[in-house]
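Student: I'm about to look at this one for the first time, and I'd like to go through it piece by piece. Could you take my questions as they come?

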Amino acid sequence: MNHKSIQLGDLTLTPLLDGYFRLDGGAMFGVVPKPLWEKRASADERNRISLASRPLLVRGTQLMLIDAGIGNKMDARSVDIYAIDRRRNLTHDLADCGLSVTDVEIALASHLHFDHVGGFTTRLDSGDIVPAFPNARYVVRSDEWEDATHPHERNRASYLQDDFVPLKPAGLLDLFDGDREIMPGVRVRWTGGHARSHQVVMIESGGRTAVFTADMIPTAAHIDEPWIMGYDLYPMETLAFKRTFIRDAIEHEYLIFFEHDPAIAAGYIREKDRRKYVEPVLSDS
Ligand SMILES: [Zn+2]
């Protein structure tokens with residue numbers, strides 16, 4: 001069961017699970033050689049490592065969901081390539097919390113790649129694709145919307161138009177510019193790096209800070225600065241962000257929510273004898 005919650009001041013934070021998938025281990029760790037990364041993440045016979053999709057439910061003045069997993073629209077070829085396993089998915093975890101898709105009031109995107117917002121829309125039995133959260137405002141950074149709807153050869157495979165284009169005619173899309181508060185205690189912070197307009201989500205209440213780091217620190221194996229995904233369009237921006245962010249995270253004990261870690265949903269970054277490690281707070285086992 002994956003519905004353990006953390007109280008952060010006035011906010012209740014619950015990492016949900018929208019299943020597991022696999023990506024090429026070399027692409028996940030960029031310039032880091034395999035003999036090093038495979039000690040942290042073992043590869044299967046197709047060189048893929050296991051990842052999770054963990055959207056974060058935030059219960060505050062409104063019910064917010066940050067990202068929504070891969071969703072149910074992938075075809076058989078993609079399910080095979082990415083080893084998508086959604087036997088346990090967002091619908092189950094919302095139900096465990098006594099909720100359904102109609103209860104979500106804000107759906108916030110870290111960015112619009114398919115493994116983050118595939119679940120923003122859903123395919124009906126009729127084949128029609130409709131917003132998955134019919135009562136939600138979908139909150140998206142406007143530059144990210146621009147890039148996602150005008151993909152180029154390098155990011156086309158990541159931006160699947162069915163994930164977000166239907167939100168606009170449905171009248172559920174809220175575009176915004178710049179860093180800002182989305183709900184009391186929840187604000188977005190631009191990072192760039194992974195994509196031009198990628199952002200993390202800073203959650204602050206009761207004197208504590210939690211951070212949904214999305215693809216800047218996708219798993220606990222990525223807490224060392226040069227462990228940067230090969231997918232990143234602007235890796236030097238990722239490096240600059242991590243240099244300052246990880247120092248801050250250690251010093252101020254940010255509770256980090258790892259969106260893609262296969263086992264650790266949340267934890268603290270610690271440092272001992274100049275080695276960084278993650279102290280798990282919520283994990284699957
Ligand atoms: Zn991702």
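Student: Which residues of helix α6 are buried?

Tutor: In helix α6, residues 142-149, the buried residues are S142, E144, W145, D147 and A148, where buried means under 20% relative accessible area, exposed means over 50% and partly exposed lies in between, with a 1.4 Å probe and protein chains only. Helices (H or I, at least four residues) and strands (E, at least two) are DSSP runs, numbered from the N terminus. This is a predicted model, in which local features need pLDDT of at least 70 and side-chain atom pairs count only at pLDDT 80 or more, while totals for chains, interfaces and linings use all residues. Residues are numbered from 1 along each chain as its sequence is written, and side-chain values use heavy atoms, with hydrogens and water left out.

Student: And what covers those buried residues of α6?

Tutor: The cover includes β10 (137-141) and β11 (173-176), with contact taken as heavy atoms within 4.5 Å.

Student: Switching to α7, what do its buried residues pack against?

Tutor: They pack against β13 (186-190), β14 (199-205), β15, β16 (255-257), β17 (264-272) and β18 (275-283). The buried residues themselves are T238, L239, F241, K242, F245, I246, A249 and I250.

Student: Where is the kink in α7 centred?

Tutor: The kink, of about 25°, is centred on K242, the bend at a residue being the angle between axes fitted to the seven residues ending there and the seven starting there. The end C-alpha atoms of α7 are 24 Å apart, which agrees with the 24 Å that its 17 residues should span at 1.5 Å a residue; the expected span is 1.5 Å times one less than the number of residues. After α7 comes E253, whose phi is positive, near 50°.

Student: How many aromatic pairs are there?

Tutor: The count comes to eight aromatic pairs, where rings of Phe, Tyr and Trp (its six-membered ring) pair if their centres lie within 6.5 Å, and planes under 30 degrees apart count as stacked, over 60 as edge-to-face and the rest as tilted. One of them joins F29 and W227, whose ring centres are 5.5 Å apart with planes at 80°, so this pair is edge-to-face. F29 lies in helix α1 (residues 25-29) and W227 in the loop between β15 (208-212) and α7 (235-251), so the pair ties together parts that are 198 residues apart in sequence.

Student: Are F29 and W227 buried or exposed?

Tutor: F29 is buried, with a relative accessible area of 0%, and W227 is buried too, at 9%. Ring pairs link F29, W37 and W227 into a cluster. The charged end of R40 also sits over the ring of W227, 3.6 Å from its centre, under a rule that NZ of Lys or CZ of Arg be within 6 Å of the ring centre and within 35 degrees of the ring normal.

Student: Now the strands: which way do the side chains of β6 point?

Tutor: In strand β6 (residues 63-66), L63 and L65 point one way and M64 and I66 the other, and all are buried. In a regular strand the side chains alternate between the two faces of the sheet.

Student: What is β6 joined to?

Tutor: Strand β5 (residues 56-59) runs antiparallel to β6 and is joined to it by four bridges, while strand β7 (residues 106-108) runs parallel to β6, with three bridges between them; strands pair if DSSP finds at least two bridges between them. V58 stands opposite M64, and L65 has A107 in β7 as its bridge partner. There are three residues between β5 and β6, which form a hairpin.
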